[in-house]
Amino acid sequence: MHQPAIPHLAQTDPQLAELVEAEARRQFEKIRLIPSENYVSSAVLEATGTVLTNKYSEGYPGKRYYEGQQLIDPIESLAVERAKALFGVDHANVQPYSGSPANLAIYLAFLQPGDTVMGMALPMGGHLTHGWSVSATGKWFRSVQYGVRKEDGRVDFDEVRDLARRERPKLIFCGGTAIPRTVEFDKFAEIAREVDAILVADIAHIAGLIAGGAHPSPVGYADVISTTTHKTLRGPRGAMLMSTAEYASALDKAVFPGLQGGPHNHTTAAIAVALREAATEEFRGYAHQVVANAKALAEALLERGYDLVTGGTDNHLILVDLTSKGIGGKPAAKALDRAGIELNYNTVPFDPRKPFDPSGIRLGTPAITTRGLREEQMPQVAAWMDAAIEAAQRGDEAALDRIAGEVRELLSAYPMPGWAPTP
Ligand SMILES: *Cc1c(COP(=O)(O)O)cnc(C)c1O
């Protein structure tokens, strides 16, 4: 049953309520390895379901365009102050609707159309919004893209420096969506300073690890920090922009009125709750456990002969190149999903295959760590993955269903916030 219960939804819209219940059960029964996903706490869930969704509040605390902000102002200020304290930054804006609009606001704050931006190419691990060609950021700006070395899958800082010297970007993005190693903010900062560019650290994936002390912080290196709030940070779907005092007003103006209208106050409240949770000792334990689990899972996959991009992981994320196993990422991901193990197919650096049918799979440990799985369970997860991939190659659907049953059985002992089996 969904928790908090959804009796009014069931009354008003039984069709939708049934879908929500089924999705909650699906989340309960699957090993969720998509590295950008998590399980939020019941407190975060409750905050997103409050009457704060009823209120319009264009502007910022103390400077609104609508009346009735007596309580919205302190709620937003709470989120802002908690973000500043948790990450140790001068300024935080908690209004961006999600990570992509947050990044777009950075372009709006500092660039004119046609100006040069530098980011990691999407197939190398970067994000669409770091200037990839199909994104508005690649269409409306002049984008130059760096990658990783073919030999070891790591960023080649000589290449980044050469490119920056030659192309003189106004903005440099570091961070991404498929980077299994520590982002070296200090090295990016050195290059950005040399070419007089603004350095943006996009920590969407690793914000929770940074908050919990399990990844170095970009503070002191990056001029602007962009993050989603719903990945390792374990908050509601949303985003934040943080910066030194120097860039505060440019960023605020870009978010509103530059790009957005009214902030989503129920989300702001849930962000405040998540930030409070992220400041606890328990969260530090979670962040370190996410990394310990990822390392244990990587080790177990290596033992089974899987090729990992960069040979392993420093963080929450593992990128597997399935070429040597003779199966594409997409059929593997589909078979794994049927076997109760949810992840996504993904390009690997220098992938000879197409993005819609690439060579790799991407997985991570934030959600299973929140669920309570530990290093001891990782060899079993790797064994199920391996068995499912072999079953896929034989076309053995019964084996996939058998694995899904075993996965369900294991997970029944690990509660999730938001849903529990009816006793
Ligand atoms: C997830 C992500 C984003 C975008 O976030 P959305 O909320 O999906 O728009 C931006 N940058 C990076 C590095 C991400 O991982």
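Two strands are taken to pair if DSSP finds at least two bridges between them. In this predicted model, strands β14 and β15 (residues 360-364) are joined by three bridges and run antiparallel. Within this pair, Tyr345 lies opposite Ile361 of β15.

The pair belongs to an open sheet of four strands. Their order is β11-β12-β15-β14, with antiparallel pairing. The edges are held by β11 (307-308) and β14 (344-346). Each edge strand has a single partner, so one of its sides is left without a neighbour in the sheet.

The ligand is surrounded by 13 residues. Ser98, Ser100, Asp202, His205 and Lys231 are the closest. By class, the shell divides into ten polar residues, two charged and one nonpolar. Helix α5 (residues 99-110) supplies the largest share of this shell, with three residues.

A ligand oxygen atom lies 2.4 Å from an N or O atom in the side chain of Ser98. At Gly99, a polar backbone atom is 3.0 Å from an oxygen atom of the ligand. A nitrogen atom of the ligand is placed 2.6 Å from an N or O atom in the Asp202 side chain. On its own, the ligand has 380 Å² of accessible area, of which the protein covers 86%. The space that the ligand takes is the second largest pocket.

Methods:
Residues numbered from 1 in each chain as written. Predicted model: local features only at pLDDT ≥ 70, side-chain atom pairs only at ≥ 80, totals over all residues. Heavy atoms only, no water. Near = heavy atom within 4 Å. Polar contact = N/O pair within 3.5 Å; in protein donor to acceptor, adjacent residues only side chain to side chain. Areas by Shrake-Rupley, 256 points an atom, 1.4 Å probe, with all protein chains shown as cover. 1 Å grid on protein atoms, 1.4 Å probe; cavity = no way out; pocket = protein on both sides within 12 Å on 5 of 7 lines; lining within 4 Å. Sits in = over half its atoms within 2 Å of the grid points. Helix = DSSP H or I, 4+ residues; strand = E, 2+ residues; numbered from the N terminus. Nonpolar A, V, L, I, M, F, W, Y, C, P; charged D, E, K, R; others polar.
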